[in-house]
Each structure stands twice: as C-alpha cells, then as structure tokens.
Amino acid sequence: MARRFIIVLLCAAGLTLTACTAAETETEEPGRAETSSEDVAGLVDIGDGRRMYIECAGEGAPTVVLVSGLDAAGDLWNSPLGPEPRVFPEVARTTRVCAYDRPGTTRAIEGGGESRSDPVTQPTTTAEAVADLRALLDAADVAVPVVLIGHSYGGIVSRLFASTHPGDVAGLVLVDSLSSELRDHLSAEEWEIWKQANARTAEQIEDYPDLERMDPDVALDQVTAADAIRQLPLVVITADEKNGPKMRAQADAGGLPPGVPADFGFVIDAAHERAQAEVADLVDGAQHIIAESGHNVMIDNAPVVIDAIRTVVDAVRDGRDATAE
C-alpha cells in the first residue's frame with residue numbers, strides 16, 4: 001500500500017507502518033461483540049447495513065476509547081513499532097479499553113492492510129465520524145460515559161463528540177491533536193499550503209480508493225460551530241519533535257509536495273505550539289504535557305500516553321466517589 005510521509009498533525013499513519021501488531025484476534029464470523037469483561041474483537045452491526053470493527057480488553061469503569069488519527073486503524077495503539085510498553089494492553093491492566101477502525105483506515109501490519117470496518121463514500125466529515133462512534137458504542141454495548149483518547153485528527157473527532165454528546169464523555173486526553181486553533185494561528189496563505197502539504201496523493205487513492213479522507217476546513221468548522229466542551233478532566237500532550245528541520249531535509253531531498261516552501265515546517269511549529277497551549281486552556285486545571293516524541297506519541301513514548309490516561313481515569317473515579325459521598 002503506497003504511503004508517504006505526512007508533514008504534520010493530520011495522520012498517525014503517515015509514517016510507514018511495517019510491523020505486525022499483537023492484536024490479530026478477529027472473530028471468524030462477523031457479529032456483535034458481547035458485553036462482558038472478557039477480551040472481544042470483531043465486527044458489530046451499527047445499522048443501515050454497515051459494520052464496524054472494535055476490540056476491547058480489561059475491566060472496570062470508565063471505559064477508555066482510543067481514537068486514531070486520519071486513515072490510521074485502531075491497532076496503532078498496540079503497535080510493536082516502538083519499545084514496550086504498548087498503550088492498549090497497558091491501559092487494559094487498570095480499566096476497560098476499546099480501539100476501533102474508522103472506515104478507510106489502514107492497518108499497522110506488514111505491507112499495510114485495509115480497515116476492518118465496512119467502507120463508506122469518501123471523503124467523510126468529522127460529524128460523520130462522531131455519529132459512527134456513537135452508533136458503535138451502542139452496538140457494542142460500551143458503557144458510557146467513556147474517556148476519549150484522540151490522536152491527531154482523532155483529537156477533533158473526540159472534541160466534537162464531547163461537544164455533541166457531553167453526557168457520554170467523562171474525560172479527554174488529546175495527543176498532539178489537530179485543532180481549529182492551529183488554523184487560527186496561520187495566515188490564509190499558510191493554511192492553504194498546510195492543506196496542500198497534507199493532502200492525500202492520487203497514488204494513495206488509486207492504491208486504496210476507500211482511503212479515509214476529509215476536508216480540513218469542513219472538519220474544523222464543525223468543531224468551532226459546536227458547543228464548547230464542558231469542564232472535565234483533560235490532559236493535552238504535545239510532541240516536542242520539530243517539523244522545521246525535518247521538512248528542510250525533505251526539501252533538500254526533493255521530497256516536499258510542489259508549492260510547499262522548505263522553511264514551512266518552522267511556520268507550523270510556531271503555530272502548533274501556540275495552538276496546543278490554547279487547547280489546554282479549554283478546561284480549567286487541564287494538564288499540558290510536552291512529550292519527548294515525534295507526532296506518533298503512542299509509539300515513540302507510550303508511557304507518557306499511558307500515564308495521562310491513568311491520570312484522567314483516576315480523576316473520573318475520584319469525582320464519582322465524591323459524588324457518591
């Protein structure tokens with residue numbers, strides 16, 4: 001499956017994913033994932049003749065739901081590309097955790113691999129991703145409220161879900177997420193370059209016609225038009241690896257898309273830094289962690305993500321205990 005390096009923020013799978021994950025336990029017969037504390041993995045019917053893939057492990061509340069970046073399947077959170085530990089199995093030690101494939105995503109296995117969920121017409125919208133996740137939680141009997149962990153594009157999916165279904169979300173971890181605030185800190189010309197730099201190529205689409213795609217302006221407009229997220233436990237994780245030097249090296253090697261300046265990575269770095277600070281300001285008392293990592297923090301520095309998830313889960317549990325007293 002043809003892939004190319006995605007410059008910044010949009011796609012977790014922009015790195016070439018070439019190894020197998022440990023989560024290869026699809027059910028032989030597609031059906032409904034059973035409600036239990038046992039490990040489950042398979043396709044569930046979400047209505048309208050569509051099925052989506054979900055796998056869950058561990059037990060306890062709240063359930064943690066891992067939301068991958070654009071065109072990245074759920075097994076990214078259990079990827080052997082980085083050192084141990086891995087996010088999915090580690091979180092399962094302390095609470096219930098689920099990961100799922102959006103339509104058109106690609107697998108973290110040798111040579112790629114297509115989404116295990118049924119394909120849909122592309123491009124899609126963030127609102128459609130939110131509707132699919134809501135339907136999937138119902139179909140798979142995942143108890144709400146959940147804690148959403150959104151990486152990259154999955155960050156705005158998580159934010160829009162929290163805005164439109166506030167009673168279903170108990171906490172958030174946003175992992176080097178795409179944000180409307182990033183667009184706010186770029187000029188109109190710079191934003192157009194960013195979109196050009198992150199656009200899927202004709203080769204990619206020819207290779208996988210159902211590849212997940214979206215219009216960044218539509219996606220971010222849907223987030224900004226929605227209600228603000230309510231006050232809830234929030235951790236924002238920002239990768240410290242800079243795009244400027246990487247993109248300059250790409251430019252020297254002739255690897256940047258036409259029209260993208262060699263120094264554009266430095267522009268993105270400055271805007272992203274300001275945007276991430278503003279995302280952390282969405283909730284009073286939110287933690288903002290700068291991780292020693294590239295964009296795929298769940299692979300490069302999984303302990304930071306694991307600790308952040310546990311922090312939010314503990315805060316949710318403490319809040320429930322206080323309410324019960």
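Which residues in H5 meet which residues in H7?

Modeller: This is a predicted model, in which local features need pLDDT of at least 70, side-chain atom pairs count only at pLDDT 80 or more, and totals for chains, interfaces and linings use all residues. Residues are numbered from 1 along each chain as its sequence is written, and side-chain values use heavy atoms, with hydrogens and water left out.

From H5, Trp191, Trp194 and Lys195 meet Pro216, Asp217 and Leu220 of H7; contact means heavy atoms within 4.5 Å. By class, this contact has 4 nonpolar, no polar and 2 charged residues. Here Ala, Val, Leu, Ile, Met, Phe, Trp, Tyr, Cys and Pro count as nonpolar, Asp, Glu, Lys and Arg as charged, and the others, Gly among them, as polar. The two helices pack at an angle of about 115°, and their axes are 11 Å apart. Axes are lines fitted to C-alpha atoms, for helices over the stretch in contact, and angles run from 0 to 180 degrees between N-to-C directions. Helices (H or I, at least four residues) and strands (E, at least two) are DSSP runs, numbered from the N terminus.

Within this contact, the side chains of lysine 195 and aspartate 217 form a salt bridge, at 2.5 Å from N to O. Aspartate 217 lies in helix H7 (residues 216–225) and lysine 195 in helix H5 (residues 188–198), so the pair ties together parts that are 22 residues apart in sequence. A salt bridge is a side-chain nitrogen of Lys or Arg within 4 Å of a carboxyl oxygen of Asp or Glu. Side chains of opposite charge can pair when their charged atoms come close. Both aspartate 217 and lysine 195 are buried, where buried means under 20% relative accessible area, exposed over 50% and partly exposed in between (1.4 Å probe, protein chains only). A network of salt bridges links Lys195 and Asp217 with Arg183, Glu192 and Asp221.

Lys195 is one of the buried residues of H5, which also include Trp191, Ile193, Trp194, Ala197 and Asn198. The cover over these buried residues includes H4, H7 and helix H9 (264–280).

Glutamate 181 is buried at a relative accessible area of 8%, and arginine 159 is buried at 6%.

A further salt bridge joins arginine 93 and glutamate 90, at 3.0 Å from N to O. In this pair arginine 93 is exposed, with a relative accessible area of 64%, whereas glutamate 90 is buried at 17%. The structure holds 18 salt bridges.
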